[in-house]
Each structure stands twice: as C-alpha cells, then as structure tokens.
Amino acid sequence: WGVARALHFTPLDQLPTYRPATTTRFVDGNGEVLGTFALERRVELPPHAIPDHLKLAIVAIEDAQFYEHGGVDPKAVLRAVMGSIRTGTIGGEGGASTLTQQLARNLFLTRERKIKRKIKEMFLALDMEKRLSKDQIITMYANQIYLGQGAYGVEAASQLYFGVSVTDTSLAQAAMLAGMIQNPERLHNPFKNPDGARERRNKVLSRMESLGFVDTATAESARAEPLEVDRHTHRRTG
C-alpha cells in the first residue's frame, strides 16, 4: 500500500475493480423497465462510452494540467498556500486539488478543511496515479461526481438534464455538465439557475478554446446554442 498503508487508507489495490453504487432496474419478461431503485441515481460507463469532448471539458475547467502532472500540481498547491497566507484562513483551496485528488477525496476521505486531510489527499493521489492510467482516473471521476438533482455520474446527469445518453451529447451540453461540477445544486443548475448555468457553460467553452482543445469557430458555435434542458424530466424530478 506504500504511503497509503502508513496513513491507514482503504487498500488501493482494489481501485482497478472498484464499482460505484448504480441504479437497479426491474424489468418484465419482455425486457420492459417496470421501475428502478437506487441509493444514488447512477449509470456506470466504461472509458470508451464517455466522449472525448466531455473528458476535455472536465479537464479544461477542473484541472488543465491533468495529463501532465503525477497526481498533484505543485504550482496549484503553491497558489493555494499563498492564498491562505493572504486571507489568513486554511481551507480556501483555490483550485489546488487535481482531478486525481478530488477523486481520492470522494472515494476515501471527508470534505473537512484541515491540513491533515489535504496531505492524505495528496499522498493518495500520488499513489493512485501509479496504479491507474489517466483514462481510468478520469472515467472513475466522471462516474463518481455529483451533478445535482440526485444524479451521480455523467450518464445519469445527461439523461436527467438532456434526455439522452452522454455518448450523444453535443459539445455545448458536455460543457454544461463539466461546468456544473463546482456548484450543481444552485449556481450552475440549469433547472434552478439557467442564466448561471449558461454563463458557466460558456466559461468552460472559452477555457477549452484557450487551451487549444477546440477551435474558435467551434467554441463560438457552441456558446451560441441554447441550454436545451429536458423540462419534462425537471417536472418529474422536481
């Protein structure tokens, strides 16, 4: 377990076979869905089922150096430390957590704002990067994140907000989902705050453009699209 053993973590050897809680479907003899049950509304997807433009949208807004760092971004950590010194508070992370750190926190830790938790998170992330590929990490992250209205993971969220599988999402839709990660229940929820969701979506698209993930024409076209959320789903879940 390396460092993780010394810090009393759950064995990381189980990560490659880890499966999050998913929705159970009850079907009749003809395969028709009669109902569903879930502690967390989630549909787990394999790496190839999550479109590249969604993965890039998540990376753009949450961790631009994801494919370069080894689990921890030293520059981001330094910015966070300097921010804490300026404000005189501990816990204003200021974007210091990489995707891998966020995944480690979601799987193994609490969200308490303490230095001890942050150090554990960093060591876990470093260990996870040794055991998993980048595609495995971002797939687990995409299946794990909470995206509001009781939806966990990008597939459940896509079905909820757009009425389609995440595989069929447009760039604009993918950018909206990525933008919701930061505040899915209020500020960036398209059902509760469509203006905020649109503004955040466009920020993701602009970030993708600046990083060279999409060209200017593609980004402008996506920014011009309406949110196109599924209002029928909203009425059913609200």
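**Entry 1: confidence**

Residues 1-11 have pLDDT below 50, and I found 16 contacts for them beyond near neighbours in sequence.

I noted the ground rules. This is a predicted model, in which local features need pLDDT of at least 70 and side-chain atom pairs count only at pLDDT 80 or more, while totals for chains, interfaces and linings use all residues. Residues are numbered from 1 along each chain as its sequence is written, and side-chain values use heavy atoms, with hydrogens and water left out.

**Entry 2: the chain as a whole**

I looked up 11 helices and four strands. Helices (H or I, at least four residues) and strands (E, at least two) are DSSP runs, numbered from the N terminus. Of the 238 residues in the chain, 46% are buried. Buried means under 20% relative accessible area, exposed over 50%, and partly exposed in between, with a 1.4 Å probe and protein chains only. I also looked at contacts between residues at least 6 apart in sequence, and 60% of them join residues at least 24 apart.

**Entry 3: helix α2**

I turned to helix α2, residues 52-62. Eight of its 11 residues are buried, so the helix is largely enclosed by the rest of the structure. The buried ones are L54, K55, A57, I58, V59, A60, I61 and E62. I asked what covers them, and the cover includes α4 (99-108), α6 (134-144), α7 (154-162), α8 (171-180) and α9 (194-210).

I took two of these partners in turn, using axes that are lines fitted to C-alpha atoms, for helices over the stretch in contact, with angles from 0 to 180 degrees between N-to-C directions. The axes of α2 and α6 are 11 Å apart, at an angle of about 85°. That makes the two roughly perpendicular (65 to 115 degrees; under 35 is roughly parallel, over 145 roughly antiparallel, the rest oblique). On the α2 side I listed K55, I58, V59 and E62, which meet D135, I138, T139, Y141 and A142 in α6.

The axes of α2 and α9 come within 9 Å and cross at roughly 95°. H53, L56, A57, A60, I61 and E62 of α2 make the contact with R200, K203, V204, R207 and M208 of α9.

**Entry 4: the core**

I looked up the largest nonpolar core, which has 51 residues. Such a core is a set of buried Ala, Val, Leu, Ile, Met, Phe, Trp, Tyr and Cys residues joined through side-chain atoms within 4.5 Å. L54, I58, Y161, M176 and L177 have the most contacts inside it. Helix α8 gives the largest share, eight residues. M176 touches Y161, F162, P190, A197, R201, L227 and V229, leaving aside neighbours within four places in sequence.

**Entry 5: E155**

Is E155 buried or exposed? I found it buried, with a relative accessible area of 5%. E155 is in helix α7, and a polar atom of its side chain lies 2.9 Å from the backbone nitrogen of V166. Not counting residues up to four places away in sequence, E155 touches V43, L45, S165, V166 and T167.

Technical notes. Contact means heavy atoms within 4.5 Å. pLDDT is the predictor's confidence in each residue, from 0 to 100. A polar contact is a pair of N or O atoms within 3.5 Å; within protein, one must be able to donate a hydrogen and the other to accept it, and residues adjacent in sequence count only if both atoms are side-chain atoms.
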